[in-house]
Amino acid sequence: MSTCTLDYKVAIGRWVKDRLGRNPTAMKIPSNQADIFVVRNFLTQGECAGLMRLIDAHRIPSGLLSPSADPDFRTSESCNMNPRDPLVMQIEGKIIDLLAIQPEHGETIQGQRYAVGQQFKPHHDYFHVGEEYWPAMQASGGQRTWTAMVFLNTPEGGGQTAFPDAGLKIAPRAGNLLCWNNNDANGAPNPFTLHQGCPVTAGTKYIITKWYRERPWSFPQA
């Protein structure tokens, strides 16, 4: 990894952390292992409802970058949100205003739907450089920096986002944004950001997720 990309990840980690620390609607989750924040009421009820309709219209079985022998590893449905849709553009703008990360570093927003029993087992959002997918990810923007996730509804049961190695579990609440730095203070991938979408036990869970890269992002060719 070059010094310039490492320095960027350190700088963007500090920048977003300090920015959220000054935001009265943002709360830092108590943890010595990772920088994790919740922003309450980030989206309105109407915005959440509109995004859920888009997800329902375009959802397909969720995929994985790296194949898993466990058929139950990721059982949700998901879709890439159309970046030209007026509502999606509106939400993009709100995330940009919140984090102030260069827009060109952001991947397409992904919508996700979890029915009863569906889950996403423990995983990292950062890329593991030893995996076969890494050359394509490196060429399309490099390592991920921040993750921004918004809960679009409050399921009747389950569906928490858990960080098992950091000892944290965040309940889904409609409109709340959950975000975290996938790297540590030195710019290296932070293993404590291991997280999971716990199984939904009643109702349905909808979320959107946006990931940021260390360099401008382009859609990978592989």
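Tutor: The lining of the second largest pocket comprises three nonpolar, seven polar and five charged residues; Asp, Glu, Lys and Arg count as charged, Ala, Val, Leu, Ile, Met, Phe, Trp, Tyr, Cys and Pro as nonpolar, and the others, Gly among them, as polar. This is a predicted model, in which local features need pLDDT of at least 70 and side-chain atom pairs 80 or more, while totals for chains, interfaces and linings use all residues. Residues are numbered from 1 along each chain, and side-chain values use heavy atoms, without hydrogens and water.

Student: Which residues lie nearest the centre of that second largest pocket?

Tutor: Lys17, Asp35, Asn181, Asp184 and Ala185, out of 15 lining residues. A pocket is an open set of 1 Å grid points where a 1.4 Å probe fits, with protein on both sides within 12 Å along at least five of seven lines; lining residues have an atom within 4 Å of a point.

Student: And what lines the largest pocket?

Tutor: Its lining has 46 residues, with Gly63, Leu64, Leu65, Arg74 and Arg144 nearest the centre. By class, 22 are nonpolar, 17 polar and seven charged.

Student: Changing topic, how many disulfides are there?

Tutor: The count is zero, a disulfide being a pair of cysteine sulfur atoms within 2.5 Å.

Student: Is Cys79 buried or exposed?

Tutor: Cys79 is buried, at 7% relative accessibility (buried is under 20% relative accessible area, exposed over 50%, partly exposed in between, with a 1.4 Å probe and protein chains only). Cys198 is buried too, at 8%.
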